[in-house]
Amino acid sequence: MDIKPHGQEPVGELKNYKFSESKIKRSTDTGKQPIVLVACGSFSPVTFLHLRMFEIALDHVRFALTDYDVIGMYLSPVSDSYKKQGLAPAPARIEMCQLAVEGSNVQVDPWEALQSKYTPTADVLDHFENELNGSADSERDGAKPQIRACLLAGSDLLDTMKTPGVWSKVDLDRILSRGVFVIERPGTDESDALAALSQWKEKIYLVPQLIPNEISSTRVRLSLKRGLSVNYLVPKNVVAYIEEHGLYRDESKRKDISGENPSSIEGSGSSSR
């Protein structure tokens with residue numbers, strides 16, 4: 001697929017990848033820990049809740065965690081190897097994310113999506129810190145504090161983390177010891193999860209939603225499959241992109257990203273993915 005996200009080379013080739021710091025705010029307050037918020041996920045499609053999560057976390061830092069300074073925010077879509085049901089091709093998801101963040105302070109990093117294999121979340125956070133802090137022999141001012149990459153996620157993350165065997169303890173420590181921002185879901189009780197993860201309790205920041213938002217990509221996909229409107233659930237330009245490419249509808253009617261009908265491509269012995 002040769003789909004070109006705004007301002008980037010055609011995705012699908014990692015050799016063309018370049019990390020973007022265009023919206024990074026260089027911290028001038030040496031008394032605070034600079035962090036970037038990283039939301040990892042399918043984003044199939046990206047919704048207003050995904051974007052709203054950053055704003056909720058920013059407010060929490062401003063008023064509750066004043067020893068942090070958020071200098072950047074990123075969406076990091078998973079690669080196609082994740083093979084989740086309803087997962088649109090990576091080029092389409094990257095493009096939709098790029099469209100969604102236009103005019104905002106959020107950036108899209110396609111590095112994870114371009115990988116040929118699934119990348120553990122801890123490795124993704126390592127990637128961000130390596131890019132932002134540079135190598136050990138870089139010219140970065142050693143007097144400045146190292147930038148920390150903190151995961152931003154919904155409360156369902158804690159449910160998986162408390163379940164034995166889902167996450168390795170090594171990866172849990174690599175993720176949670178950095179600090180993780182969890183947007184609470186109205187009506188949920190995270191006490192069991194916090195008890196199971198008590199070793200990192202001080203680094204798990206539960207962020208309340210004062211205005212409940214229950215938008216989910218799953219519900220958006222279901223609405224699209226039923227032919228229902230998703231206006232005001234998904235950014236307008238993302239809705240237009242979905243309609244243009246026929247995403248999340250009956251596969252026999254969906255246009256391939258290349259502009260062809262996938263059923264005719266499959267019939268010729270080729271693959272649309």
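The largest pocket holds about 1200 Å³ of space. Its lining is made of 42 residues, and C40, G41, K84, G154 and D156 are the closest to its centre. The model is a predicted one. Across the whole structure, a search finds 9 salt bridges.

**Pocket lining**

- At least two lining residues of the largest pocket come from each of the strands β1 (33-41) and β4 (148-154).
- The helices α1 (48-63), α3 (121-133), α4 (156-161) and α7 (217-225) likewise each supply at least two residues of this lining.
- Sorted by class, the lining of the largest pocket contains 18 nonpolar, 15 polar and 9 charged residues.

- D59 pairs with R62 in a salt bridge, with 3.0 Å between the closest N and O atoms.
- Both residues belong to helix α1, and because they are 3 residues apart, about one helical turn separates D59 from R62.
- D59 is partly exposed at 33% relative accessible area, whereas R62 is exposed at 53%.

- D126 and R174 form a salt bridge with an N to O distance of 2.4 Å.
- This pair links distant parts of the chain, 48 residues apart: D126 lies in helix α3 and R174 in helix α5 (residues 169-176).
- D126 is partly exposed, with 25% relative accessibility, and R174 is partly exposed, with a relative accessible area of 25%.

- The side chains of D159 and K162 meet in a salt bridge at 4.0 Å, N to O.
- D159 is partly exposed at 36%, and K162 is partly exposed at 35%.

Technical notes. Residues are numbered from 1 along each chain as its sequence is written. This is a predicted model: local features need pLDDT of at least 70, side-chain atom pairs count only at pLDDT 80 or more; totals for chains, interfaces and linings use all residues. Side-chain values use heavy atoms; hydrogens and water are left out. On a 1 Å grid over the protein atoms alone, a cavity is a set of points where a 1.4 Å probe fits but cannot get out, and a pocket is an open set with protein on both sides within 12 Å along at least five of seven lines; lining residues have an atom within 4 Å of a point. Grid points are joined across faces, edges and corners, and a volume is the space filled by probe spheres set on the points. Helices (H or I, at least four residues) and strands (E, at least two) are DSSP runs, numbered from the N terminus. Ala, Val, Leu, Ile, Met, Phe, Trp, Tyr, Cys and Pro count as nonpolar, Asp, Glu, Lys and Arg as charged, and the others, Gly among them, as polar. Buried means under 20% relative accessible area, exposed over 50%, partly exposed in between (1.4 Å probe, protein chains only).
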